[in-house]
Amino acid sequence: MTAQGPLLSRSGYDRAAHRRPDSDWLAQAWTKARVLVLSPGSATPVEPGAGGRAQLALRDASSVDEGVPRRFLGIVDEVPYFTATVERDGEDWRTLRDLGSTIDDLTAGLLTSAIALEQWHQRHTHCPLCGVPTVETNSGWTRACPEDGSEHYPRTDPAVIMLIHDGADLALLGRGVQWGAGRFSTLAGFVEPGESLEAAVAREVFEEVGVEVRDIRYVASQPWPFPASLMLGFSARLDGDPTIALDPVEMAEADWFTRAEVQRAADWVDSGTDPDPDVRIQGVSPKLSISRYLIDLWLAGALPD
Ligand SMILES: [Zn+2]
């Protein structure tokens with residue numbers, strides 16, 4: 001389960017980036033393309049696939065209107081894959097969050113890239129230098145300003161996410177103010193300009209729960225296109241006093257939990273069973289998230305020292 005890496009990071013399909021500026025090649029590729037269509041709200045049609053997992057209901061290029069921007073995603077088994085944003089119609093449309101861990105690796109990879117691109121285009125319509133509307137170039141992978149010629153690239157915003165442990169049987173999990181009662185997660189936060197990843201881990205932990213950490217170790221990363229994050233997963237060990245001092249703006253509560261407590265909460269989430277309402281931790285992050293990937297590694301005793 002955990003050996004394959006975080007769910008949204010598993011598909012290494014060929015992005016064939018050198019084809020993006022090649023309009024002749026792209027026009028030819030479009031005639032035989034499979035198209036991942038997205039709604040403006042980033043839902044996509046799905047259908048049942050192998051092993052009961054959902055897979056993309058891809059469309060022929062001929063079904064996509066002429067004027068819709070075509071964004072080249074890459075090549076899979078010699079077939080070119082594009083994405084295009086269209087109005088939602090009558091099929092079974094789902095968001096990435098709806099689909100959760102029920103999708104296959106290729107679906108996860110293509111959908112994550114398509115959503116990240118679409119979210120960027122929606123939020124970056126004008127030139128940051130002179131303010132005029134920009135146009136899509138390089139098959140959706142850049143935007144260019146017609147006024148000053150500047151070129152703009154999709155944003156990826158780094159965020160650190162960390163499993164804090166005591167080196168024995170306790171992990172520190174928190175409940176953000178937007179989370180429901182009983183649901184706990186790893187701590188996380190955006191990296192600030194001029195800051196290293198390790199410094200961001202230590203700063204965010206101290207800000208949110210008031211403890212200091214050492215042995216900060218990189219574990220894995222996962223794109224998180226809501227709208228533009230790259231989650232960089234770490235583990236870190238408590239350094240000194242375990243007493244929690246909560247930041248009430250971001251955190252509703254936080255505590256140290258045993259593996260048995262966290263495993264029981266994870267089992268309730270995975271099986272859809274009602275949790276024991278009298279325990280403090282009744283659920284953890286869903287399988288789609290790298291938070292859960294870090295928690296599962298810790299449960300298995302597989303985090304770096
Ligand atoms: Zn401009």
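In which strand is Ala-188 found? Ala-188 is found in strand E14, residues 187-190. Before going further, a word on what you're looking at: this is a predicted model, where local features need pLDDT of at least 70, side-chain atom pairs count only at pLDDT 80 or more, and totals for chains, interfaces and linings use all residues. Residues are numbered from 1 along each chain as its sequence is written. Helices (H or I, at least four residues) and strands (E, at least two) are DSSP runs, numbered from the N terminus.

Back to Ala-188. Ala-188 counts as buried because 25 C-beta neighbours sit inside 10 Å. The cut-offs go like this: a residue is buried if 20 or more other C-beta atoms lie within 10 Å of its own, exposed if 12 or fewer, and partly exposed in between, with C-beta atoms placed from the backbone. Leaving aside neighbours within four places in sequence, Ala-188 is in contact with Ala-159, Val-160 and Ile-161; contact means that the C-beta atoms of two residues, placed from the backbone, lie within 7 Å. Gly-176 is 12 residues away along the chain, and its C-alpha is separated from that of Ala-188 by 9.9 Å.

Now for the overall layout. The domain assignment gives domain 1 (2-123), domain 2 (124-154) and domain 3 (157-299), with bounds that come from an automatic or database domain assignment. The C-alpha centres of domain 1 and domain 2 are 23 Å apart, and 12 residues of domain 1 are in contact with 7 residues of domain 2. On the domain 1 side, the elements that give two or more residues are strand E5 (71-76) and helix H3 (105-123). H3 gives the most, with 5 residues. Sorted by class, that side has 7 nonpolar, 1 polar and 4 charged residues (Ala, Val, Leu, Ile, Met, Phe, Trp, Tyr, Cys and Pro count as nonpolar, Asp, Glu, Lys and Arg as charged, and the others, Gly among them, as polar).

E5 also belongs to a sheet. Here 4 strands form an open sheet in the order E4-E1-E6-E5, with mixed pairing; two strands pair if DSSP finds at least two bridges between them. Strand E4 (59-60) and E5 stand at the edges with a single partner strand each, so one side of each has no neighbour in the sheet. E5 pairs with strand E6 (residues 79-85) in the antiparallel sense over 5 bridges, and Gly-74 stands opposite Tyr-81 in E6. H3 packs on this sheet, touching strand E1 (34-38), E5 and E6, and its direction makes about 55° with that of E1. For such angles, axes are lines fitted to C-alpha atoms, for helices over the stretch in contact, and the angles run from 0 to 180 degrees between N-to-C directions.

What about E1 itself? E1 is largely enclosed by the rest of the structure, because 4 of its 5 residues are buried. E1 runs parallel to E6, joined by 5 bridges, with Leu-36 opposite Thr-83 in E6. E1 and E4, on the other hand, pair in the antiparallel sense over 2 bridges, and Arg-34 has Asp-60 in E4 as its bridge partner.

Follow the chain on from E1 and you reach Ser-42, in the loop between E1 and E2. Ser-42 has a phi near 70°, a positive value in a residue other than glycine. Most residues other than glycine have a negative phi, and most peptide bonds are trans. Ser-42 is buried, with 21 other C-beta atoms within 10 Å. Ala-16, in the segment before helix H1 (23-30), has a positive phi too, of about 45°. Ala-16 is partly exposed, with 16 other C-beta atoms within 10 Å.

Strand E2 (residues 43-48) is joined to E7 by 3 bridges, and Pro-45 stands opposite Trp-93 in E7.

Finally, there's a cis peptide bond between Phe-226 and Pro-227, with omega about 5°. Pro-227 has its place in the loop between strand E15 (213-224) and strand E16 (229-238).
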